[in-house]
Amino acid sequence: MTHVAVVQMVSGSDVEINLNRAEVLIREAVSEGAKLVLLPENFALFDSQQLYSLAEDEKAYNRGACWLSGLSKSLGIWLFAGSFPLLGSNAANRKVRSALQVFDPAGRCVARYDKRHLFDVDVSDNQGVYLESAFVEAGDEFVVVETEVGKVGLSICYDLRFPKHFWKLRELGADIIVVPSAFTEVTGKAHWEVLLRARAVETQCYILGANQGGAA
């Protein structure tokens, strides 16, 4: 039996603090036998206003990529890196792609999935309106990765509300589907668990969900 782990974080606007915290949690998971580790959405940076600055900072990107590669290689694990902001297709738009990168036990980045469904909704919380498309450019490809654990389909957060995305991953051979997320407190309480269960029942796949937490 192969053990997998999902990491819950409370990421903020300081990349170094977030990466250091993620490493502690990854190492803890591996010490308990995990061979595949899933990080949540926005694990490295939870601040929409800074996403583009991080993506265009080549030094910061290389730091993140080397960190992910080095960890997966030194620990001998599959590391599914939640989402990290990468530059979009049109520099004039100053938008990023919300990218889930997959690193194999040799430290190679073997796959990348760009979030297809963006969180543009009204929510009954203090913020009220969320407009992810103001900062993020949607992707358009479906991605399945073959691992020793099985074939893993990739999704990010708001994709969870779109069953056809998951059916397509199943058609492409997925046995497992990962859902790194940053659900809000309101939508998380109302829909997070039930939607994960629904997608599992519909596809007959194992669903791994790693969410951002919150601070009281």
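The buried residues of helix α1 pack against β1 (3-6), β2 (34-38), α3 (58-75) and β3 (78-87). Here buried means under 20% relative accessible area, exposed means over 50%, and partly exposed is in between (1.4 Å probe, protein chains only). Contact, a word used below, means heavy atoms within 4.5 Å. Helices (H or I, at least four residues) and strands (E, at least two) are DSSP runs, numbered from the N terminus.

A word on the source: this is a predicted model, in which local features need pLDDT of at least 70 and side-chain atom pairs count only at pLDDT 80 or more, while totals for chains, interfaces and linings use all residues. Residues are numbered from 1 along each chain as its sequence is written, and side-chain values use heavy atoms, with hydrogens and water left out.

**Helix α1**

Let's look along α1, which runs over residues 15-31. Its 17 residues reach 24 Å from first C-alpha to last, close to the 24 Å expected at 1.5 Å a residue; the expected span is 1.5 Å times one less than the number of residues. Which residues of α1 are buried? They are Asn18, Leu19, Ala22, Leu25, Ile26 and Ala29. These residues lie on the same side of α1 because they cover an arc of only 130° around the axis, the arc being that of the directions from the helix axis to the C-beta atoms. On the face turned away from this buried side, α1 carries the exposed residues Ile17 and Ser31.

Both ends of the helix have a detail to find. At the start of α1, a side-chain oxygen of aspartate 14 comes to within 3.1 Å of the backbone nitrogen of glutamate 16. Just after α1, glycine 33 has a positive phi of about 105°.

**The cores**

A nonpolar core is a set of buried Ala, Val, Leu, Ile, Met, Phe, Trp, Tyr and Cys residues joined through side-chain atoms within 4.5 Å. The largest one has 32 residues, of which Ile26, Val37, Leu39, Phe43, Trp67, Leu68 and Leu79 touch the most other members. At least two residues of this core come from each of α1, β2, α2 (51-56), α3, β3 and β4 (96-103). Helix α1 gives the largest share, five residues. Tryptophan 67 touches Leu19, Ala22, Glu23, Ile26 and Phe43, not counting residues up to four places away in sequence. Another core, of 30 residues, lies apart from the largest one and includes Trp78, Val152, Cys157 and Cys205.

**Aromatic rings**

Rings of Phe, Tyr and Trp (its six-membered ring) pair if their centres lie within 6.5 Å; planes under 30 degrees apart count as stacked, over 60 as edge-to-face and the rest as tilted.

| Pair | Centre to centre | Angle between planes | Type |
|---|---|---|---|
| Phenylalanine 119 and tyrosine 158 | 5.3 Å | 70° | edge-to-face |
| Tyrosine 158 and phenylalanine 162 | 5.5 Å | 80° | edge-to-face |

The pair of phenylalanine 119 and tyrosine 158 links distant parts of the chain, 39 residues apart. Phenylalanine 119 sits in the loop between β5 (109-114) and β6 (120-122), and tyrosine 158 in the loop between β9 (151-154) and α4 (163-171). Is tyrosine 158 buried or exposed? Its relative accessibility is 13%, so tyrosine 158 counts as buried. Phenylalanine 162 is partly exposed, because its relative accessible area is 30%. Elsewhere, Phe43, Trp67 and Phe84 form one aromatic cluster.

Terms used
A polar contact is a pair of N or O atoms within 3.5 Å; within protein, one must be able to donate a hydrogen and the other to accept it, and residues adjacent in sequence count only if both atoms are side-chain atoms.
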